[in-house]
Amino acid sequence: MAKITYIDHSGEAREIEAKNGETVMETAIKNSIPGIDADCGGACACATCHVYVDEAFMEKVGQPEDMEQSMLDFAENVQANSRLSCQITVSDELDGLKVTTPESQH
Amino acid sequence: MADTAALDDIGEIADPWAMALEEIDVSRPELYSTGAHWEYFRRLRKEAPVHYCKDSEFGPYWSVTRFKDIVAIDSDHRRFSSHNHIVIGDQPEEFLTPMFIAMDQPKHDVQRKVVQPAVAPTQLSELEDLIRQRVCAILDNLPVNEEINWVEHVSKELTTQMLATLFDFPFEDRHLLPYWSDIATSSPAVGGGLDWEERDRILGECYQYFAQLWQERAAQPKKFDFISLLAHDPATAEMVNDPKEFLGNLILLIVGGNDTTRNSISAGIVEMNRNPEEFAKLKGDPSLIPNMVSEIIRYQTPLGHMRRTALEDVDFNGHKIRKGDKVVMWYISGNRDEEVIDNPDEFLIDRDRARHHLSFGFGIHRCMGNRVGEMQLRILWEEILKRFDRIELAGDPERVLSNFVMGYTNVPVIVRPL
């Protein structure tokens, strides 16, 4: 289990108890978190679950692999801490993770 | 409600359930203009979801018809190439027009990134007021209580105006855009009626027109229209000097922003008439509009397929796809896959997870203008509900003859004001 905080574009925070093994995207969808569309359903094929990862967790979350990087290349307002939330799997290590959703998904 | 009305019209087209599997050829354009394709795909999804057709007008090809398999092929751009050919038929070498949708990495990425800012959400929010004004003007000028063709009066006109805005194209000449788009998509590569030479001649006029616009834009400061973005980016600043590549990318941007949204606009009217209970839901709760827009786009699937070419031998679900084989991803089928979408033949404007559809494709070639299309449909329906009690279908809609463009040439309607 890990507590994950989703912060929307306006700054509103929502804290969720996430299950290990599910992704940060799946946890968001199951809990009706706004700002994540997840059109492809978790196949790393659309970039509509784009989030900004809190700097403190960048190392634990790790770097995007090739396909994710290719998809991120076509998202809007990508930053160094941009990730696709369908590619981040929840574990105890990520307890306390904060992610911010962008103004819009493209 | 399923397309039962269309199924009644099959006429002389063979019953797909009575044929040998290997005889099934879903490339025939008349399947789509009659609506017979639904049952063909139902059988393929059930009995041969990865299917090889040995012989067709377009040569041999694989059909991939289930949702998850389509996502897998679409996102596997390293093994399934888009180089030069993205529809079922090959474009003859002498008529090839390179465009970034028909390129692989890295060139695809470079060119796409240059034009993408024109259709990114931030830029679109700047355009929303203008689009709404234009939608209002179109709707306020519609003849009411008499029969009109919705395709010409609304679908085509609105998408043409949007496209003219994205290109900053001279407004008085905007009708050239859908004209060129229709010419570009009528090629023999998708079962259309025009021959390659005539198509090439007309598209040459398109090139000439845009080459002049390019020179103007290059001499002015950079703006957010497609041509200005291309002319000012070092990666594409020389594109105008390669007439085929410039024309190819023009066709991509024109077609991409034209048929797709046009046919989704038309389809919305058709489906609302076929599903009056859904229209009642919408009138009762206009906040359903964004979800309905996704459902229209799924249900219509404006582009029925995309094609890839295997770059190496691939074992796909036990099938040996050989290097060089054509692999056709039938989005029109995957969007009705009962394994992924509940009651897929039903048009439900409040469907759960309505955005989970294949119509925009997936992977690096995913539709760049998806938000433009959605925005036009959303604004249009917001303004329709403010003005009209209903838009009645006044006759049978006529479909486009193509295995690629899933669309309507005529949707006869009578608009009834509030």
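Let's start at B:Val327, which, leaving aside its neighbours within four places in sequence, is in contact with B:Trp62, B:Val64, B:Ile73, B:Phe80, B:Arg307, B:Arg308, B:Ala310 and B:Ile321. Here "in contact" means that the C-beta atoms of two residues, placed from the backbone, lie within 7 Å. Keep in mind that this is a predicted model, where local features need pLDDT of at least 70, side-chain atom pairs count only at pLDDT 80 or more, and totals for chains, interfaces and linings use all residues. Residues are numbered from 1 along each chain as its sequence is written, while chains are lettered from A and ligands numbered from 1 in the order in which they are written.

B:Val327 also belongs to the largest nonpolar core, which has 137 residues; together with B:Ile254 and B:Met329, B:Val327 touches the most other members. Such a core is a set of buried Ala, Val, Leu, Ile, Met, Phe, Trp, Tyr and Cys residues joined through C-beta atoms within 7 Å. Helix 7 of chain B gives the largest share of this core, 9 residues.

That helix spans residues 150-167 and holds B:Ser155. Helices (H or I, at least four residues) and strands (E, at least two) are DSSP runs, numbered from the N terminus. B:Ser155 counts as buried because 28 C-beta neighbours lie inside 10 Å; the cut-off for buried is 20 or more other C-beta atoms within 10 Å.

Now turn to chain A, where 5 strands form an open sheet in the order 2-1-5-3-4, with mixed pairing. Two strands pair if DSSP finds at least two bridges between them. Strand 2 (13-18) and strand 4 (82-84) of chain A are the edge strands, each pairing on one side only.

How values were computed: A residue is buried if 20 or more other C-beta atoms lie within 10 Å of its own, exposed if 12 or fewer, and partly exposed in between; C-beta atoms are placed from the backbone.
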